[in-house]
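This briefing is meant to be read with the sequence and the 3D view side by side. Please follow each named residue in the view as you go.

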Amino acid sequence: MDIGRTLPADVTADLLDELVASKARFDALLGVAADGIAHIDAGGTIARWNVAAEAISGIAAERALGSPVDAIVPGGWASIRAVPLDGLPHLVRWSFGAAGRAPVRAQVVAIVRTGGIDGWLVSFAPQQRFDEIEQLKNELIGSISHELKTPLATIKAYVETLRDNRLTAETAREYLAVMGDQADRLARAIDDLLLVSRVEAGQLLKRRETVSLDAVLDAALASIAFDADAHPLQRETAGVMISGDPDLLRDALAQVIENAAKFSAAGQTIEVRGESREGRCLVAVADRGIGIADDHLPYIFDRFYRVDRALAATSDGSGLGLFIASALARAHGGTIDVRSEPGFGSTFTLSLPVRS
Ligand code: ADP
């Protein structure tokens, strides 16, 4: 159709402007997309190949553009033509032949217009990215199930025993106390999981207040039901102020103190020292427990990382505690560091900026 002859000149000019603007927007969109995007024309030739497509496939645009899709993705043309012409995305697995990189997971959508097909848009990302997410999901489910099932199993066993009326009142009270502890453990595991999902969503810090370290420490000790008979606590925290979200600061400290107690023998002292220095508040938690060997130190803040797999299978914990603590520190603009010596103990130090 000759637009110039059928429409007034000003309308034609507006339409052309709009077309140029839409093309510029489309080009910009392709440029910023994190996924590889290819436009395959109706004849099976590659007509667009964005920057991410070059990076993901390892194939430069000069080589891809104008090539039949099969020359770049062996079997690609058959996989595209098998896609229904319903305008919906369909999953295919693509590999880039000998020259290209690892397989990708691609979504193909047919561009259908009246009177025919205008080709296909394919968006793709490395298959490995999806595999990693899948693996993470499985690890998380494994770890959660363990963390949730263990206390539940204990509670259930005690309920069964309590049903037996021959128990003395004193034994029954002891059993109820154990059940209460296990229910608390369950609640903490659920709180940790909720925190992890907030960490992932980057939605941690909601408010910032200046509070006393003493108050935060008391709240942390209460939240983990710290047993001061098992671990004498030495605290040098008086007068130190700390700023941030008090609930999150409590959670960060609780994770570290809980580990200090878990990884040191009953009777061993735990020290908490606070100090204000150059606009920062330093909180050190030192234990005299089993310590951590140098080769494990770089990984202990990673998700699910636990030094002793055998111990991990039997002891409480999901390997999420330090991951959460370090994410909380970072959310406050701070850091968490560790110094440790196997057999002598560990010191975890939270360093947080103090802001008014
Ligand atoms: P977990 O749920 O296993 O405690 P964390 O993320 O809190 O997970 O800790 C990861 C691992 O780091 C622990 O499994 C343990 O091996 C090691 N770890 C953490 N804190 C200490 C500590 N105070 N002393 C010795 N080892 C520790």
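Into which domains is the protein divided? In this predicted model, the protein is divided into domain 1, which covers residues 13-126, and domain 2, which covers residues 207-356. The centres of domain 1 and domain 2, taken over C-alpha atoms, are separated by 50 Å.

**The ligand and its polar partners**

- The ligand is surrounded by 20 residues, and the closest of these are Asn259, Asp287, Arg306, Gly319 and Leu322.
- Asparagine 259 uses its side chain, in which an N or O atom lies 2.8 Å from an oxygen atom of the ligand.
- Glycine 319 takes part through its backbone, where a polar atom is 2.8 Å from an oxygen atom of the ligand.

**The shell around the ligand**

- Two or more residues of the shell come from each of helix H10 (246-262), helix H12 (321-331) and strand E12 (345-353).
- Helix H10 gives the most to this shell, with three residues.
- When the residues of the shell are sorted by class, ten are nonpolar, seven are polar and three are charged.

**Two residues on helices H7 and H8**

- Alanine 153 belongs to helix H7, which runs over residues 127-162, while glutamine 182 belongs to helix H8, which runs over residues 169-201.
- Although alanine 153 and glutamine 182 are 29 residues apart along the chain, their C-alpha atoms are separated by 9.4 Å.
- Is glutamine 182 buried or exposed? Glutamine 182 has a relative accessible area of 14%, and it therefore counts as buried, because the cut-off for a buried residue is under 20%.
- Alanine 153 has a relative accessible area of 46% and is therefore partly exposed, because this class lies between the 20% limit for buried and the 50% limit for exposed residues.
- Leaving aside residues up to four places away in sequence, glutamine 182 touches Pro151, Thr154 and Ile155.

Terms used. Residues numbered from 1 in each chain as written. Predicted model: local features only at pLDDT ≥ 70, side-chain atom pairs only at ≥ 80, totals over all residues. Heavy atoms only, no water. Near = heavy atom within 4 Å. Polar contact = N/O pair within 3.5 Å; in protein donor to acceptor, adjacent residues only side chain to side chain. Helix = DSSP H or I, 4+ residues; strand = E, 2+ residues; numbered from the N terminus. Nonpolar A, V, L, I, M, F, W, Y, C, P; charged D, E, K, R; others polar. Domains from an automatic or database assignment. Buried < 20%, exposed > 50% of the residue type's maximum accessible area, 1.4 Å probe, protein only. Contact = heavy atoms within 4.5 Å.
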